[in-house]
Amino acid sequence: MKSDKNLRLRFAPSPTGYLHIGGARTALFNWLFARHYQGTFILRIEDTDQVRSTEEAVKVILEGLQWLGLDWDEGPGKGGDYGPYFQMQRLPLYQEYARKLLEENQAYYCYCTPEELEASRIKQKEEGKNPQYDRHCLYLTEKERKRYEAEGRRPVVRLLVPSKKIVFNDLLRGEVSFEGDLLGDFVILKSDGIPTYNYAVVIDDALMKISHVMRGDDHISNTPKQILIYEALGLPLPEFAHIPMIMGSDHTRLSKRHGATSIMEYKKMGYLPEAVVNYIARLGWSPGDEREIFSQDELIKEFSLENISRHAAVFDLEKLNWLNNEYIKRMPLNILTEKLIPYLQEANYLKKGELSASSLNWLRGIVRLLQGRFRNFAQFVEFTDYFFLDEITIDEQLFNHIINQEGVLETLQTLQSALADIKDWNEENIENTIRKIAADLNIKGSQIIHPTRVALSGKKVGPGLFELITALGREKTNQRLLRIIDRLKEIKNS
């Protein structure tokens, strides 16, 4: 398949919550397919759920797509020839096509109350039948309709479903078929004039000239209903492709317990958008080889429907962490440092506003020490708090296990005194000083390195001790060693 300017795909989220991983992958696959063939990617907001749809959710969806770099060609903020791109602004269109179906006797008004519908369902179940609408209102006389309306009943519009098999070709699954007799005459327009999902999506996709509908396979049961609406209106069918779902690591439906599911939550935690895009692209798609890391341009070039898996993808937070760490390790130091600054400011470790040249240089040194060690920016803040705090807290168990041991007081006293005498504070002089102390005291390097690290950082692991002390600076190093020495003296004298 070559470039096709007529190829049009859409992402059509409902603004009833955040943009989650599954929705983001659907958007990405549609975006990649459109970009690969130089087609058009449309964003449409399906906001007919008036109870749950919110402006805030719309904002979060748009922000999530923008953060991921999934720009749309038509839709909110962009306009286009086939708008509006919010369903609630398209109500006259749905009502117009419903009138057409009513006039052609392919749809009819239904006045049944919820109680009457429930009673009919119960009766059908008792009779061993498949519960569906019993067509009570299909042959109402004008007199009966007026009587219902006089009672205050407001009708819905139901599609008259033909008794036939509905067959379509799914680009991922091949031929799929459903029995029309099992569907029943479903509602297309509610009594308040709001369209149902299956009806609105057909009108929108047809009028927006959508060529390919690519979505999660949880929608596959909607497809036969939508095909019947296309056929009733004489509208051309798009191509369908239903993508297998994303499962959690325990092979159950993906949920919050498997890791943060909101795309903006990943931004908040400090994942890189290019790493998240790379990761979700590989959830159910493969280029056919062992490569794991792709630039955006490479994803566009390589993407194809043929390489989408027919099986459910498994979300693995550790794999995302690994991938994000790979992106962090490859990022130029200056850029990485700039990206980390807002997170440090949010934690009140840095003041808001522009850093001085000396402060920025010092911060780059800390980032250089940790660049290969953290999985996301929030973890960097957690790992490096001791560089920014005036006082640190040392876990009691860690203190007793590593610092409150025989000989540590004397070792730290010697170290504090020797470090205080260093005139040129640099990594080489600090390393030479510590190694000399270990030799003079006839102790292993670990016997000075471990307690010193905990005393200065409050942590068991971190960057090399010599680099850590250099970056921490003379003043903080001296203060923290003196504080631990005083504490050990109090314990000894108690």
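User: What volume does the second largest cavity have?

Analyst: This is a predicted model, and it holds 2 cavities of 30 Å³ or more. The second largest cavity is lined by Leu172, Arg173, His242, Pro244, Ser309 and Arg310, a set that divides into 2 nonpolar, 2 polar and 2 charged residues. The volume of this second largest cavity is about 30 Å³.

User: Which helix supplies the largest share of the lining of the largest cavity?

Analyst: The largest cavity, with a volume of about 40 Å³, is lined by Gln416, Leu419, Ala420, Trp425, Arg474, Thr477, Asn478 and Leu481. By class, that lining has 4 nonpolar, 3 polar and 1 charged residues. Helix H17 (408-420) and helix H21 (474-493) each supply at least two of the lining residues, and the largest share, 4 residues, comes from H21.

User: Which element gives the most to the lining of the largest pocket?

Analyst: The largest pocket has a volume of about 940 Å³ and is lined by 38 residues, with His20, Gly22, Gly23, Asp218 and His219 lying nearest its centre. The lining divides into 14 nonpolar, 15 polar and 9 charged residues. Strand S1 (8-11), helix H1 (21-36), helix H6 (197-207) and strand S8 (212-216) each supply at least two residues, and the element that gives the most, with 6 residues, is H1.

User: Which residue in S6 is the bridge partner of lysine 165?

Analyst: Strand S5 (residues 165-170) and strand S6 (residues 174-179) run antiparallel and are joined by 6 bridges. The two strands form a hairpin, with 3 residues between them. Within this pairing, the partner of lysine 165 in S6 is glutamate 179.

Methods. Residues are numbered from 1 along each chain as its sequence is written. This is a predicted model: local features need pLDDT of at least 70, side-chain atom pairs count only at pLDDT 80 or more; totals for chains, interfaces and linings use all residues. Side-chain values use heavy atoms; hydrogens and water are left out. On a 1 Å grid over the protein atoms alone, a cavity is a set of points where a 1.4 Å probe fits but cannot get out, and a pocket is an open set with protein on both sides within 12 Å along at least five of seven lines; lining residues have an atom within 4 Å of a point. Grid points are joined across faces, edges and corners, and a volume is the space filled by probe spheres set on the points. Ala, Val, Leu, Ile, Met, Phe, Trp, Tyr, Cys and Pro count as nonpolar, Asp, Glu, Lys and Arg as charged, and the others, Gly among them, as polar. Two strands pair if DSSP finds at least two bridges between them.
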